[in-house]
Each structure stands twice: as structure tokens, then as C-alpha cells.
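Please look through the model below, then read the briefing that follows. The notes are grouped by topic.

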Amino acid sequence: MATTTSAPEAILAAVGGPENIVNLTHCATRLRFELQDASVVDKATVEKIPGVMGAVPQAGDRYQIIIGGAVQGVYDEIMNLPAMKGGGGTSGQSNADVKAAARAKARGKNAFVDAFFEYLSDSFRPLLPVLLGTSLIIAGEAMAEAFGLIDTRAEVKPAWLAFVDAMYRSVFYFLPIMVAYNASKKLRIDPWVGTAIMAALLTPNFIDMSNLEKTSNVVCTHNAVLDQDFCTATVFGLPMQLNDYGGQVFTPLIMVALLAPLYKGLTRIISPNLQMVFVPFLSFIIMMPITAFALGPIGIWVGTALGTALSTLNNAAPVVFAIIIPLLYPFLVPLGLHWPLNALMLANIDTLGYDFIQGPMGAWNFACFGATAAVLAISIRDRDNEMRQTAFGALVAGLFGGISEPSLYGIHLRFKRIYPRMLVGCAVGGLIVGLGGGVNARTFAFTSLLTIPVFSPMALYAIAIAAAFFTSFIILFISDYRTAEEKAEARAAAAADGFVEASPEETAADLALEAAKAAPKPALVAGVVTELVAPVRGTVIPLAEVADPVFSGGAVGQGAGIEPSEQEIVVVAPAAGTVVVAPASGHAYGINLDSGLEVLIHVGLDTVEMEGKGFNVLVKQGDHVEAGQELVRVDRATVEQAGHPLTTPVLITNTGAFASVEAIASGAVAPGDPLLRITA
């Protein structure tokens with residue numbers, strides 16, 4: 001009886017099995033692999049697995065597979081597979097360990113900056129689920145208040161409402177403790193030591209130091225502008241500012257950054273038998289006073305200063321500020337550089353009681369979701385099942401979860417036409433926010449449909465995000481998210497799957513191409529050998545040495561690679577046949593030869609990105625060419641300046657119809673020299 005391969009099993013097989021996995025972790029939306037050899041992974045194969053939204057190869061044999069909100073379940077299922085029970089290739093390291101090891105391999109002047117943003121990212125990322133959960137509680141309160149059902153500002157509240165407030169305030173008030181825990185894990189020290197140091201400043205004992213009836217040697221002054229009391233205590237003969245550290249994020253980040261080298265230094269000088277007691281003890285008596293006297297006030301000052309600077313810009317030029325924020329975010333999020341702004345949002349809420357960054361940020365998110373919706377609509381129209389599944393999952397994650405990563409990694413970063421069109425939606429939404437005087441949020445919230453009530457004024461915010469969404473949607477739906485070549489490839493794939501039929505609107509060239517594909521193929525007589533000649537002058541290399549896993553792995557077909565040697569590269573037809581692929585970019589040519597062979601000549605690697613620059617295309621789809629007829633002339637210097645390899649794979653794309661495809665040439669070849677031997 002046939003068995004069905006599950007998605008986790010298919011993912012495991014696609015990455016080369018357990019033996020190829022050095023480490024597997026996950027974040028909010030992605031499986032993160034560190035592999036022995038990432039070149040064995042076929043991106044196209046991975047992205048066809050049900051539930052996979054996209055695949056992102058990275059440097060250092062790392063690989064990310066985008067799953068979306070279901071990533072935890074998929075991760076658990078992979079780890080529970082029998083093949084993984086013995087540990088597979090995993091090392092048991094944490095996600096932080098994997099990244100730290102990757103950075104250790106990296107070299108360059110940006111290593112410190114990289115480490116800084118990784119520190120911020122990993123200190124906040126684990127908190128996203130609880131922040132999302134609490135933001136929905138606040139959104140529910142805001143909705144109830146909008147309908148006049150409750151009054152959250154009343155001096156005397158019913159007990160049930162006070163309890164609901166406690167349900168979400170727990171996360172925001174104790175946020176410094178949670179950040180300290182994550183930051184300590186990130187820097188590989190005992191997370192409970194960092195947690196305990198930060199918790200000391202949130203205990204009732206520390207808070208009561210500001211109570212003049214309970215504590216002596218305390219002086220308080222009232223600030224009429226802020227309507228707050230500021231107290232200073234004399235402790236050990238030194239002045240200590242008594243701040244409220246609930247909700248602060250900069251203080252734990254600074255504290256842990258100094259605690260880590262102290263902690264590690266103590267473990268080096270204290271005997272292992274005594275470390276359990278004396279490392280925490282000495283860490284406490286050194287870092288608790290330093291944090292209370294210096295780092296705590298510095299953290300508050302940093303957060304206040306940054307927030308004030310942005311607030312000044314927002315007040316002085318609200319339109320400029322509201323446009324800059326959504327235009328920056330599409331570039332910050334893929335690089336992980338948005339975390340400092342998230343920290344500022346939390347600091348604003350703690351110091352001001354509201355945040356002014358999230359409103360304009362919502363314009364970016366909904367412009368992103370509008371672009372995804374356009375891709376979904378186009379994929380439905382074109383019957384592109386694979387993209388329809390990817391876009392639908394990403395859109396649901398965005399509209400109801402406020403999560404942009406599935407859209408970014410699964411779609412937007414794969415198609416270069418999307419970003420410039422999406423930025424128009426970002427600018428339109430931001431402009432509306434700015435002209436309306438700005439939008440504030442009372443809490444840190446994911447900008448989704450469910451959190452609209454959190455923003456004020458709610459009507460202005462709703463109009464702005466709707467404008468951002470539909471601007472991106474309309475522009476992208478009209479202009480399409482694919483280049484002409486990408487549309488042709490998608491159509492060919494759909495036709496191969498039986499989803500698309502020729503329409504009256506197709507051009508004559510399209511009809512000629514379809515006719516060539518549908519024409520009866522010459523009968524293949526078993527044992528008959530055909531030799532295919534080289535289409536370009538250069539040096540032959542084995543297909544396995546081509547620096548592209550799709551080609552070297554034989555996914556497209558068997559054949560050989562050629563390193564062109566001429567300054568002006570001339571590619572010719574190896575035999576008579578019909579051109580079935582000839583994109584405007586000039587980088588690839590598919591020819592159905594009269595002999596029954598189907599040949600693909602791919603000029604250079606990733607040269608599609610050059611959009612035809614340096615390529616003088618001499619044929620078009622539907623043309624019948626003769627042996628030796630020129631297909632394209634390529635300027636070597638232009639391609640090399642763009643940084644693309646000129647390696648030219650020559651492949652038999654219908655390899656499955658033959659008994660064998662063998663490379664018979666080595667060293668230098670010229671057009672017309674035997675290259676491949678194909679046996680029927």
C-alpha cells in the first residue's frame with residue numbers, strides 16, 4: 001500500500017536528511033537550519049512542500065524555511081520523527097548558539113554591529129507572543145470603551161475591570177525582568193542571575209523607598225510640568241535616584257551587557273566547586289548597587305532622550321516623520337534592524353503613556369499585506385496553485401497576526417517588482433497619518449485588523465491603513481508582480497500541470513511556441529546514440545562543479561558546464577530546432593531539436609538579474625534555427641562587472657526520455673565540437 005510523505009518528512013528529506021543537519025532551531029515564523037552542506041538543498045523543491053511559504057539560502061551553510069505561525073508545530077514534528085530520535089545531526093545548541101557560531105566564522109568590519117542587533121533581536125523576539133496576546137486584551141478593552149460599555153479612565157473601577165487590567169499590565173510592568181532573562185541567555189550566562197538583579201528594582205521594598213512615611217533619608221520634589229514626584233535616597237552616603245522601572249527596556253539591556261563579562265570572569269577565577277554559590281553572590285553584591293545607582297538612571301535617560309528626539313521630529317514635521325517611518329521599515333525588517341525602534345515604542349509607552357511610532361508603522365504593514373493580497377488575486381486569476389497557497393497563508397498571518405515575515409520572505413523579496421510598488425502604498429498611508437496630525441497607540445501592538453481599536457484617533461488610522469493596503473493592491477494587481485520572463489515561466493509551469501489553455505489573446509509567437517511543444521516528437525529508437533555539440537567556445541567542466549545547486553544536482557537535466565573564454569561570447573544553436581525559451585533578458589535558451597532532444601543553454605548564473613544588459617539577443621520564441629545559427633552575443637566585461645559567473649550549463653531537459661546522457665568532452669571546446677553523448 002502506498003504511503004504519503006508528510007510535510008515534516010519532506011522538509012527533512014529536502015535538506016539532506018538528519019545526517020546533513022548540524023543544528024535546527026526556529027524563530028517566530030522560520031525553521032533555521034545549519035547544515036553540513038547547504039548546496040544539496042533544491043530551493044524549488046522545498047517551496048513546493050505543502051505548508052512552506054518560502055526558502056531563504058544564507059551564508060555559511062545556513063538555510064531558512066518559512067512556515068509562518070505554525071512553525072512551532074512543524075519544528076516539533078520534525079524533531080519527533082524517528083530519523084531524528086538519535087539526535088540526527090543536531091548538536092542540541094540553542095538558537096543563540098547557532099548564531100554565535102555563525103558570527104564566529106564571519107569576518108569583517110560589521111561584526112560588532114551584527115552582534116549588537118542580534119543582541120537586541122534575541123532579547124525581544126521570544127516576547128512577541130505574549131506582547132501580541134496582551135495587545136488583543138487591550139484592543140478588546142478599547143473596543144468596549146468605544147461603544148460606551150466601560151470607562152477605563154474612571155478613578156473607581158469595578159473589580160472585574162481592575163482584574164482585566166492586571167491581566168495585560170503584568171507583561172508590560174514586568175517586561176524588564178523578561179528582557180533581562182532573554183538578554184542573559186543570549187550572552188550565555190545564568191539567566192536567573194540577570195533576572196534577579198533586575199527584579200530587585202521592581203520589588204515592593206524598592207518602591208516603598210519613595211514613601212517618606214516608611215523610609216528615612218529620602219528627599220522628594222514635585223515636577224509641575226510632568227505632575228510627578230521625583231525622589232532621591234541617600235544610601236551608603238551616596239545619592240540614589242528612585243525611579244519606577246516598570247516597563248523599562250534599556251536598563252536591563254545595559255545591565256546584562258555589563259553583567260556578562262563580570263559573570264564569565266568570576267567563573268574563570270572561582271573554583272568550579274564554589275561557583276554555584278559565589279558567582280551569583282558576587283554578581284548580586286556588585287551589579288545590584290551598580291544598577292540601582294548608575295545603570296538604572298542611565299537606561300531611563302537613554303530611553304527618554306531617544307524618545308524625546310523622535311517626538312521633537314514628530315511634532316516639528318509630523319508629515320515628514322509619518323512618511324519616513326513606513327518607508328524605512330520595509331528595509332529594516334528583513335535585516336533585523338527594526339528592534340531598536342520596537343524598544344523605543346515600549347519606552348515611549350512607559351514614559352509618555354502612549355507611542356507615536358506604531359501608527360505610521362501600520363501604513364507599512366498594511367501596504368505589505370496589500371501587495372500580498374494582489375499576488376493572491378493574480379495567482380487565483382492565473383491558476384497558480386503554489387503561489388496561491390503561499391500568498392493566502394502569508395495574508396492571513398498578516399491581517400490577523402500582524403506578522404510581515406511570511407509575506408517578505410515568501411513573496412516580496414523573491415520578486416523585485418514588488419518593493420517599489422509597495423513603497424507607494426507606504427508613502428500614501430504615512431502621508432494620511434501625517435496630514436491628520438499623527439496616530440498614537442496606548443500599548444505595544446501588532447498592527448493587524450484585530451488591533452485597530454488600540455490606535456487613536458481610530459478613524460484616521462483605519463483610513464490610513466486602508467489607503468496603504470489598496471494603493472499597493474491596485475498598483476501591483478494592474479502591473480503584476482512578475483517580469484515578462486517570470487510570467488512566461490509561471491505560465492509554462494501551469495500549462496505543464498494542465499491548468500492553462502491557449503486563449504485567443506495569445507500572440508502569434510506564443511501560438512507558434514505551443515505548436516512546437518505539441519508537435520509529434522521523433523520516435524526514439526532504443527540504443528541509438530546522438531552527439532550534441534558545444535554551443536560556445538570555452539573550457540568544459542563537469543555539471544557537478546557548476547556553482548548552482550539546481551543545475552549541479554541535475555534537477556533541470558543532465559549535461560555539462562562550459563566556462564566561456566572569449567571577450568565577446570557568441571552562443572550558437574547546437575543543432576536545428578525550434579526556440580521555445582528566449583527571454584528578453586537573453587540569459588537562457590530552450591531549443592526543441594528536430595532530433596527529439598530538448599536542450600537548455602543557460603548563459604551565466606543569476607544573469608537574469610541583469611535584465612538584458614550586455615546581452616544582444618538574436619532570436620525569439622517560436623523561431624526555427626539551424627545548426628550554428630547565433631542565438632546571442634554577450635559582453636564578458638559587463639557580466640563580470642555585475643559580479644555574475646559566466647559558467648554556461650548545457651542541459652538535456654528531457655533526460656528522463658533517454659537511457660543515458662554523458663559528457664564526452666574535456667578541456668577546451670569550440671562551437672561544433674562534440675560535447676554530450678545521448679543514448680536513447
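H644 is buried, with a relative accessible area of 13%; buried means under 20% relative accessible area, exposed over 50%, and partly exposed in between, with a 1.4 Å probe and protein chains only. The model is predicted: local features need pLDDT of at least 70, side-chain atom pairs count only at pLDDT 80 or more, and totals for chains, interfaces and linings use all residues. Residues are numbered from 1 along each chain as its sequence is written, and side-chain values use heavy atoms, with hydrogens and water left out.

**H644 and D606**

- H644 lies in the loop between α23 (636-641) and β20 (648-652); helices (H or I, at least four residues) and strands (E, at least two) are DSSP runs, numbered from the N terminus.
- Leaving aside residues up to four places away in sequence, H644 touches L605, D606, T607, E609, M610 and V639, where contact means heavy atoms within 4.5 Å.
- D606 is found in the loop between β16 (598-602) and β17 (615-617).
- D606 is not a glycine, yet its phi is positive, at about 60 degrees.
- The relative accessible area of D606 is 43%, which makes D606 partly exposed.

**Other backbone features**

- N217 also has a positive phi, near 60 degrees, and is a residue other than glycine.
- N217 lies in the loop between α10 (204-207) and β5 (218-223), and N217 is exposed, with a relative accessible area of 54%.
- S456 and P457 are joined by a cis peptide bond, with omega about -5 degrees.
- P457 belongs to the loop between β9 (455-456) and α19 (458-479).

**L201**

- L201 lies in the loop between α9 (191-199) and α10.
- With a relative accessible area of 5%, L201 is buried.
- Not counting residues up to four places away in sequence, L201 touches F206, Y245, T291 and A292.
- L201 and T291 are 90 residues apart along the chain, while their C-alpha atoms are separated by 8.6 Å.

**Aromatic rings**

- A pair of aromatic rings is described by the distance of the centres and the angle of the planes.
- The structure holds eleven aromatic pairs; rings of Phe, Tyr and Trp (its six-membered ring) pair if their centres lie within 6.5 Å, and planes under 30 degrees apart count as stacked, over 60 as edge-to-face and the rest as tilted.
- One of these pairs is F278 with F281, an edge-to-face pair at 6.4 Å centre to centre, with 85 degrees between the planes.
- F278 and F281 are three residues apart in helix α12 (residues 275-316), so about one helical turn separates them.
- F278 is partly exposed, at 38% relative accessible area, and F281 is partly exposed, at 42%.
- F366 and F369 form another edge-to-face pair, 5.5 Å centre to centre and with 75 degrees between the planes.
- Both F366 and F369 lie in helix α15 (residues 358-381), three residues apart, about one turn of the helix.
- F366 is buried at 3% relative accessibility, and F369 is buried at 0%.
- The charged end of R381 sits over the ring of F477, 5.5 Å from the ring centre; a charge counts as over a ring if NZ of Lys or CZ of Arg is within 6 Å of the ring centre and within 35 degrees of the ring normal.

**Nonpolar surface patch**

- L274, M276, V277, F278, F281, I285, I286 and I290 form a nonpolar patch on the surface, with about 760 Å² of accessible area together.
- Patches are made of residues with over 30% relative accessible area and no salt bridge, with like charges joined within 9 Å and nonpolar side chains (Val, Leu, Ile, Met, Phe, Trp, Tyr) within 5 Å.
- A salt bridge is a side-chain nitrogen of Lys or Arg within 4 Å of a carboxyl oxygen of Asp or Glu.
- Accessible areas come from the Shrake-Rupley method with a 1.4 Å probe, and for residues only the protein chains shown count as cover.
- I285, one of the patch residues, has its place in helix α12 and is partly exposed at 46% relative accessibility.

**The chain as a whole**

- The protein chain has 23 helices and 23 strands.
- Of the 680 residues in the protein chain, 48% are buried.
- The protein chain exposes about 31000 Å², and carbon and sulfur atoms supply 61% of that area.
- Among contacts between residues at least 6 apart in sequence in the protein chain, 71% join residues at least 24 apart.
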